[in-house]
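Colleague: I'm new to this one. Can you put it up and walk me through it?

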Amino acid sequence: METYKFRSVAPLLLPSGLLLLFLYILPLLYTLRESFKIHEQGRVGGIPGSFTFVNYLDFLKPAYLSVLSDTLFFSLIAAVLGVVLSYPLSYYLSRGSSRIGKKIVLAILVAMLFSGAIVRVYSISLTFGPVGIFAPLARYVVLSLNSIWYIETTLVVGLLNFVVPVATLTLLATINNIDPRLEEAAQSLGAPRWFAFWDTTLRLSMQSITSVALLGFSVSVSAFIVPLILGRGIIVFTTNLIFSRFAEIADHPSGAAVAIILLVISLAIIGAAQFTLKRFHSNV
Amino acid sequence: MSELGHPLMNTSVLKVLDGAIGSFFKLTFVVSILLLIGPLVITLLMSFDSREYMGPFPPPSFSMQWYQNFFSSRLFMSSAWNSLIIGAISASLSTVIGLLAAFSLSRSSFRGKGALEALIVSPVIVPGVIIGFSILLFFSSIGYYGGRGRLVLAHSLIALPFSVRILYAALQGIPYSLTEASLNLGANERQSFFDITLPLVRSGVISSFLFSLALSFDEVAVSIFLVDPQTTTLPISLLANMRNQFDLTIAAASGVLIAFTLFVIVVADRLIGLERVVGQGVYEGKR
C-alpha cells in the first residue's frame, strides 16, 4: 500500500486542525491563563495581566471541597453499581439463548444511547417526583420526597441511567472474547455452575471490569444535567459549580480554576483506565 | 483449580449458591432494564394525560392537549427549528472534515501521527462543561458573539472525534487493492477517491452524520454557555422550563423526541444494521 507523506495530506488535515485549534486548544489555554487572573467585583473576566493563585486556594475552602467530595463519592457509587447492573446484561447479550430477547435488549440499549439526556433526566424526575410512582410508596413509609436520602437515591439512579448502557456495551466485547467452552469444561469437571462462572468468565473479565468502572466513574464525574436537575440544588457537582460561577456571579477566573481542576481529575481517571486496559491486553 | 478437588465442592450447601447467584443475575437484569426504560414508559403515558393539572400516575384518561401545547409554543418551536439547523450543519461539517482527516490518517505515515490522532479524539474525554466554558471565554476575548455560528462550530468540534473514528473504521474496511486497481486503470487520485472510496464508505458517512446529528440535537453542557436569548436550542429551552413542575408540556416534548429517536434508529437499522451502529459508532466511539 502506498502511503503519503505529511506534506501531501496536510491540506486535508487543515480543516480539522483549524477547528481543534480555535475551538479546543486555544480556548483551553485561555482558560488556564484566566484561572490565574484576579477577579474584581462587578467586572466580567479577570483583570488583564494580573497573576494570582488565589482562585485555586479558594477551592480548599470547605464549601468547595464538599462539592468535590460529593462529586467523587456519588460517581464512585454509580461506577460500582453500574458494573454490578451491567455485567448480567452483557452476559445475557453474549451468552443468552433467546435471539429475540437479545435483539430487544440490544435495541433498548441503543435507544437509551440515542435518546436525549434531557428526556431521560426529565423522565426520572417525573417518575421519582410528587406525581410519580414512588410518591404513594414514600408516603406510606412516612418518608419525605425532600429527604436527603431520597434525593441522593434519585441522583444515583440518574447517573446509572447514563453509565449502564455504555458499560454494558463495553463489557459485551470482553465477554464475547472469552471462550464459553471454558465454563462448560469447568462444569463437566464437576464444578457447580456458579463456581464455573466465577473461576473462568468472571476472573478473565476482571481487568475489563476495572476499566469499565473507571469509564463509568468518568461519565459520572463529567455529568452536568443529572446533578443540575436531580440534585435539586442540595447536591451540587463540580460541573454545576463551573456553570454557576459563570452564570450567577460572573467570576470567570474562579470558574476557570475549577474547570482546570476538573480537567486534571478527568484526565487522571482516563489515564488510569487506559493503564488497566493496556495491562489487560498485554495479559491476554 | 485445586479447589475443585475439595470435598466441600460437591455438597448440597454449595449447590444452593447456584440458585442464589442465578437469582441475583436475574434480579439485577430486571432491575437494570426497569431502570433504563421504566421512567421513559411512565413519561410517555403521562404525556397523554387528559387532566388539566399534574395529577398522580396513572392518568385516568388520555388526550393530546400537552402535545398541542408543545406544538403551539413559540419558544419551543423556534428553538426546535434552531436545533435542526444547527444539527444539520454541524453534522455535515463534522462528517466532511472528519472524512478528510480519517482518509489522510488512514493513508499516510509521518512522525507525530499517533500524537495527532490522539489530539483529534481527545475532546471526547474533556467534560462538555469545560469545553463550553472555554469556548465562551476565548470567543468573548476575541469579540466574536455570532449566536448560531458559535454553536455550529462547537457542536462540530464535539462530534469530530466520533466522526473520525467511525469513518476511520469504515475506510479500514475497504481493501486497498480496489484503489490500486483504479489507479492502474488510469484514474487519478481524485477520481479514485470519488468513484471508488467514497461510495464504499457510504454507510460510514451515514452513521457519522446520524451520530453527530443525535449528539448535536441533545447537547446541553456546551450549548448552555453559548446560547443567547435570540438563539437557543431545544434541549436548553426544555431545561429552562423543567424546574416548573406544573404542566406536562415537557413530557409531550419528550414523547416527540423519543419518536424522533426511534425513527433514527429504524433508519439506521435499515441502512446499515443496528449491530454495526453499535459496533462502530457507539462501542468504539465511547472508549
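Modeller: First a term: a residue is buried if 20 or more other C-beta atoms, placed from the backbone, lie within 10 Å of its own, exposed if 12 or fewer, and partly exposed in between. This is a predicted model, where local features need pLDDT of at least 70 and side-chain atom pairs count only at pLDDT 80 or more, while totals for chains, interfaces and linings use all residues. Residues are numbered from 1 along each chain as its sequence is written, and chains are lettered from A and ligands numbered from 1 in the order in which they are written.

Colleague: What percentage of the residues of chain B count as buried?

Modeller: 42% of its 287 residues.

Colleague: And how many helices and strands in chain B?

Modeller: Chain B has 13 helices and 0 strands. Helices (H or I, at least four residues) and strands (E, at least two) are DSSP runs, numbered from the N terminus.

Colleague: How many residues of chain B are in contact with chain A?

Modeller: 83 residues of chain B are in contact with 79 residues of chain A. Two residues are in contact if their C-beta atoms, placed from the backbone, lie within 7 Å.

Colleague: Which helix of chain B gives the most to that side?

Modeller: Helix α1, residues 12-47, with 20 residues. By class, the side of chain B touching chain A has 62 nonpolar, 16 polar and 5 charged residues. Ala, Val, Leu, Ile, Met, Phe, Trp, Tyr, Cys and Pro count as nonpolar, Asp, Glu, Lys and Arg as charged, and the others, Gly among them, as polar.

Colleague: Switching to one residue: why does A102(B) count as buried?

Modeller: Because A102(B) has 27 C-beta neighbours inside 10 Å. A102(B) sits in helix α3 of chain B, residues 74-107.

Colleague: What is A102(B) in contact with, leaving aside neighbours within four places in sequence?

Modeller: V164(B), L167(B), Y168(B) and L171(B).

Colleague: Over to chain A. At what angle do α8 and α9 pack?

Modeller: Helix α8 (residues 180-188) and helix α9 (residues 193-204) of chain A pack at about 135°, with their axes 8 Å apart. That makes α8(A) oblique to α9(A). Axes are lines fitted to C-alpha atoms, for helices over the stretch in contact, and angles run from 0 to 180 degrees between N-to-C directions. Angles under 35 degrees count as roughly parallel, over 145 as roughly antiparallel, 65 to 115 as roughly perpendicular and the rest as oblique.

Colleague: Which residues of α8(A) make the contact?

Modeller: L182(A), E183(A), A186(A) and Q187(A).
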